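I wanted a first look at this protein before reading anything about it. These are my notes on what I looked up.

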Amino acid sequence: MILSHVWGIFTHPSEEIQSVREKRVASPALYIGYLLVLAAIPPICGYIGATQVGWRIGDGVVTKLTVASTIPLCIVAYFAILTGIVVVGLAINWMRETYTNLSNDDVNGISFATFVSAPLLIFSAVGLYPVIWIGMLTLIAAATYSAYLLYTCVPIAFKIPKERGNLFSSAILTIALVVTVVLIITTVIIWAVGFTPVFTN
């Protein structure tokens, strides 16, 4: 089922979010499995890329991280991703009272946040081949598509006019950016207290 929804996100997002809404597969209980799987893609691919393939820096020198130092970072990254999406989802639920007239039985914020963040999580598989410029271009493209999904699907998912949907989408995007900055700062702090990456060469 998860593969069919992922395919729909990329081929016909408007119809997919409508299907999600009508079939009520957007409940947190059913979408939590999607979130747990998708959130594992960045840390797993990052682990493989950092410890087995290595980063190519400067004149082509390959630098790898040690397994012992990478595993804790990947675990922290996994829970940071889960936390970020859940926080954004809860914020959507809270703001929904302002922008919509939907009840709690309609599309849930955590489910919608998972839906919109799917491109970012999936395309983070580029971490398997950790070349900085490739990773940056890929993630910019994924972030752009996630923003497109957000502005396209909010009016459909929450049954509101496009103009009101744009306001709701902008509010969601703002909170998502704030959460991202907080997670980045938290990561730096975690590195500073002992989870610093260790290079093998």
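**Entry 1: ground rules.** I am working with a predicted model, in which local features need pLDDT of at least 70 and side-chain atom pairs count only at pLDDT 80 or more, while totals for chains, interfaces and linings use all residues. Residues are numbered from 1 along each chain as its sequence is written, and side-chain values use heavy atoms, with hydrogens and water left out.

**Entry 2: layout.** I found 8 helices and 2 strands in the protein. Helices (H or I, at least four residues) and strands (E, at least two) are DSSP runs, numbered from the N terminus. From the N terminus the order is α-α-α-α-β-β-α-α-α-α. Of the 201 residues, 42% count as buried; buried means under 20% relative accessible area, exposed over 50%, and partly exposed in between (1.4 Å probe, protein chains only). I also looked up contacts, meaning heavy atoms within 4.5 Å. Among contacts with a separation of 6 or more, 70% come from residues 24 or more positions apart.

**Entry 3: H5 and H8.** Two packed helices are described by the angle between their axes and the distance between the axes. I took axes as lines fitted to C-alpha atoms, for helices over the stretch in contact, with angles from 0 to 180 degrees between N-to-C directions. Helix H5 (residues 67-99) and helix H8 (residues 162-192) have axes that come within 9 Å and cross at roughly 150°. H5 and H8 are therefore roughly antiparallel to each other. The classes are: under 35 degrees roughly parallel, over 145 roughly antiparallel, 65 to 115 roughly perpendicular, and the rest oblique. On the H5 side the contact includes Leu 73, Ala 80, Gly 84 and Tyr 99, and on the H8 side it includes Arg 164, Phe 168, Ala 171 and Trp 191. The residues of this contact divide into 19 nonpolar, 2 polar and 2 charged. For these classes, Ala, Val, Leu, Ile, Met, Phe, Trp, Tyr, Cys and Pro count as nonpolar, Asp, Glu, Lys and Arg as charged, and the others, Gly among them, as polar.

**Entry 4: H5 and H6.** I then followed H5 to helix H6 (residues 109-123), where the axes come within 7 Å and cross at roughly 135°. H5 and H6 are therefore oblique to each other. Among the residues that meet are Ile 81, Ile 85 and Gly 89 in H5, and Phe 112, Thr 114 and Leu 121 in H6. By class, the contact of H5 with H6 has 10 nonpolar, 5 polar and no charged residues.

**Entry 5: Thr 114.** Is Thr 114 buried or exposed? Thr 114 is buried, with a relative accessible area of 2%. Not counting residues up to four places away in sequence, Thr 114 touches Tyr 31, Tyr 34, Leu 35, Leu 38 and Ile 85.

**Entry 6: H7 and H8.** H7 and H8 pack at an angle of about 120°, with their axes 8 Å apart. That makes H7 oblique to H8. The residues that meet include Tyr 151 and Phe 158 in H7 and Lys 162 and Phe 168 in H8. I noted 8 nonpolar, 4 polar and 1 charged residue in the contact of H7 with H8.

**Entry 7: Lys 159.** Lys 159 is in the loop between H7 and H8. Its phi is near 55°, a positive value in a residue other than glycine. Most residues other than glycine have a negative phi. At 59% relative accessibility, Lys 159 counts as exposed.

**Entry 8: rings.** Rings of Phe, Tyr and Trp (its six-membered ring) pair if their centres lie within 6.5 Å; planes under 30 degrees apart count as stacked, over 60 as edge-to-face and the rest as tilted. The count comes to 6 aromatic pairs. Tyr 145 and Tyr 148 form a tilted pair, 5.6 Å centre to centre with 35° between the planes. These two are 3 residues apart in helix H7 (residues 132-158), separated by about one helical turn. Tyr 148 is partly exposed, at 42% relative accessible area. Elsewhere, ring pairs link Tyr 99, Phe 112, Phe 115, Phe 158 and Phe 168 into a cluster.

Entry 9: Cys 74 is in helix H5 and counts as buried, at 16% relative accessibility. Its C-alpha atom is separated by 9.5 Å from that of Cys 45, 29 residues apart along the chain. Cys 45 is one of the buried residues of helix H4 (residues 41-53). Leaving aside neighbours within four places in sequence, Cys 74 is in contact with Pro 43 and Tyr 47. H4 is followed by Gly 54, whose phi is positive, near 95°.
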